[in-house]
Amino acid sequence: MRIGELSRRTGMSVRGLRYYEEQGLLRPQRRASGYREFTESDVQSVRRIRILIAAGVPTRVIAEVLPCMVDEGRYLAPTCEEMAEDLRTELDRMNRDIAEREAARSILQSILAVDPRTQAHAST
């Protein structure tokens, strides 16, 4: 199938599919005419890519883990232990980022909780 058909079947824009190809996430065959030729398995690959992107996984990591992902109902499951470890590393990174953002939020909330009008009276 050509890229327009893949776009229609997956709900992804042609531009988005080209981006996936640039990132090494899709590897269509090229016809002699230069047109991209996608297969039925690419439809499933796009679904898996979208799930991983929605999970916050960077495309560089998706390129590594995608070959070892299988569908498990609505979700995906890794079939290679080393790929599962890559996903655990990403989860750890996300948890650190969340903790840092929560700490920053707490500081900002405490700054905003101080009413400068009451502070000025308290110091006199």
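At what angle do α1 and α3 pack, and how far apart are their axes? In this predicted model, where local features need pLDDT of at least 70, side-chain atom pairs count only at pLDDT 80 or more, while totals for chains, interfaces and linings use all residues. Residues are numbered from 1 along each chain as its sequence is written, and side-chain values use heavy atoms, with hydrogens and water left out.

The angle comes out at about 50°, with the axes of α1 and α3 10 Å apart (axes are lines fitted to C-alpha atoms, for helices over the stretch in contact, and angles run from 0 to 180 degrees between N-to-C directions). Helices here are DSSP runs of H or I with at least four residues, and strands are runs of E with at least two, numbered from the N terminus. On the α1 side, Leu 6, Arg 9 and Thr 10 meet Glu 40, Asp 42, Val 43, Val 46 and Arg 50 of α3, contact being heavy atoms within 4.5 Å.

Now for α2, residues 14–22: its buried residues (under 20% relative accessible area; exposed is over 50%, partly exposed in between, with a 1.4 Å probe and protein chains only) are Gly 16, Leu 17, Tyr 20 and Glu 21. Seen down the axis of α2, these fall within an arc of 145°, so they line one face of the helix; the arc is that of the directions from the helix axis to the C-beta atoms. They pack against α1, β1, β2 and α3. Turned away from that buried side are the exposed Arg 15 and Glu 22.

Over in strand β1 sits Gln 29, exposed at a relative accessible area of 56%.
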